[in-house]
Amino acid sequence: MARVLVVEDDQFVRSALIRHLTEASHTVRSVGTALEALREVAHLGFDVVILDLGLPDLDGAEALKMLRGITQVPVIIATARDDEAEIVRLLNDGADDYLVKPFSVEHLSARMAAVLRRAGAGGGGAGAEADRAIRAGGLVIDPLRRQAELDGRPLDLTRREFDLLAFLAQRPGVVVPRRELLAEVWQQSYGDDQTIDVHLSWLRRKLGETAANPRYLHTLRGVGVKLEPPRDCSRESSRE
């Protein structure tokens, strides 16, 4: 069972979502404006937010940025807009998933379950393996606290950037196909490589590297991506 906030101004759609989510044993609150959503999130704890973009007081894209300023709760965009460039921008701005209306209740349930699994909400039992920090050269990643640092410096990562970095760091030196990244990090069986490229680009900036001069993130064109610590870090680790 999850605590869900539905942000939707269309009363018919809103009622349908509330009914479906309640029948699935979730605890649901709903609002019709962006400002109400911000107020709810600021005062109450939620496991996931379902956010429409066409809100009467503020565009949902702006609402997403404001939400990310106060919380890291997973956000699923649910809207009729299907422009690919906008989808990529919203995912890069912090959305965890994107659904284009109309969609089935089964589709929404599957996307919600995937987002909640990644966030660890309602699933319980992360276990000792998740508690253990992942180390790769100067990178230290704590999956439980969702924190990462490089050479002792905290990294300010979005949720998706953290998921991507942690997934690659758990497989140091292993080339991960893009299809696997989409399936495991984005929970999608298909998608656009541009989504991965955008997140890799942002990650590289925060790691102080570029695609032309990589330190940790290496792209093998036509094959996939791998995370491998720099050789100087490997030598230092072996001397410790």
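Here is a short chat about the structure above.

Q: What kind of model is this, and which residues count for local features?
A: It's a predicted model: local features need pLDDT of at least 70, side-chain atom pairs count only at pLDDT 80 or more, and totals for chains, interfaces and linings use all residues. Residues are numbered from 1 along each chain as its sequence is written, and side-chain values use heavy atoms, with hydrogens and water left out.

Q: OK, how many helices and strands in the chain?
A: Ten helices and twelve strands. These are DSSP runs, numbered from the N terminus: helices are H or I with at least four residues, strands are E with at least two.

Q: What's the strand order in the open sheet?
A: Five strands, β2-β1-β3-β4-β5, with parallel pairing. Two strands pair if DSSP finds at least two bridges between them.

Q: Which strands stand at the edges?
A: β2 (27-31) and β5 (97-100); each has a single partner strand, so one side of each is left without a neighbour in the sheet. From one strand to the next, the twist averages 20°.

Q: How many bridges join β1 to β3?
A: Four, between residues 3-7 of β1 and 48-51 of β3, running parallel.

Q: Where does α5 lie?
A: Across β1, β3, β4 (75-79) and β5, with α5 (residues 105-119) running at about 175° to β5.

Q: Back to β4: why is it largely enclosed?
A: Five of the five residues of β4 are buried, so the rest of the structure largely encloses it. Buried means under 20% relative accessible area, exposed over 50%, partly exposed in between, using a 1.4 Å probe and protein chains only. V75, I77 and T79 point one way from β4, while I76 and A78 point the other way.

Q: Switching topic, which residues touch the most other members in the largest nonpolar core?
A: L139, L165, L181 and L227, out of 28 residues. Such a core is a set of buried Ala, Val, Leu, Ile, Met, Phe, Trp, Tyr and Cys residues joined through side-chain atoms within 4.5 Å. The largest share, seven residues, comes from α7.

Q: What does L139 touch?
A: Leaving out residues up to four places away in sequence, L139 touches I134, E149, L150, L155, L165, L207, Y216 and L227. There's also a second, separate core of 23 residues, including A37, V41, A63 and L67.

Q: At what angle do the axes of α7 and α9 cross?
A: Roughly 80°, and they come within 10 Å. The two helices are therefore roughly perpendicular; that label covers 65 to 115 degrees, with under 35 roughly parallel, over 145 roughly antiparallel and the rest oblique. Among the residues that meet are L164 and L165 in α7 and W202 and L203 in α9.

Q: Last one: is G32 buried or exposed?
A: G32 counts as buried, at 10% relative accessibility. Its place is in the loop between β2 and α2 (34-43). Beyond its neighbours within four places in sequence, G32 is in contact with E8, D9, R14, L55 and P56.

Methods
Axes fitted to C-alpha atoms, helices over the stretch in contact; angles between N-to-C directions. Contact = heavy atoms within 4.5 Å.
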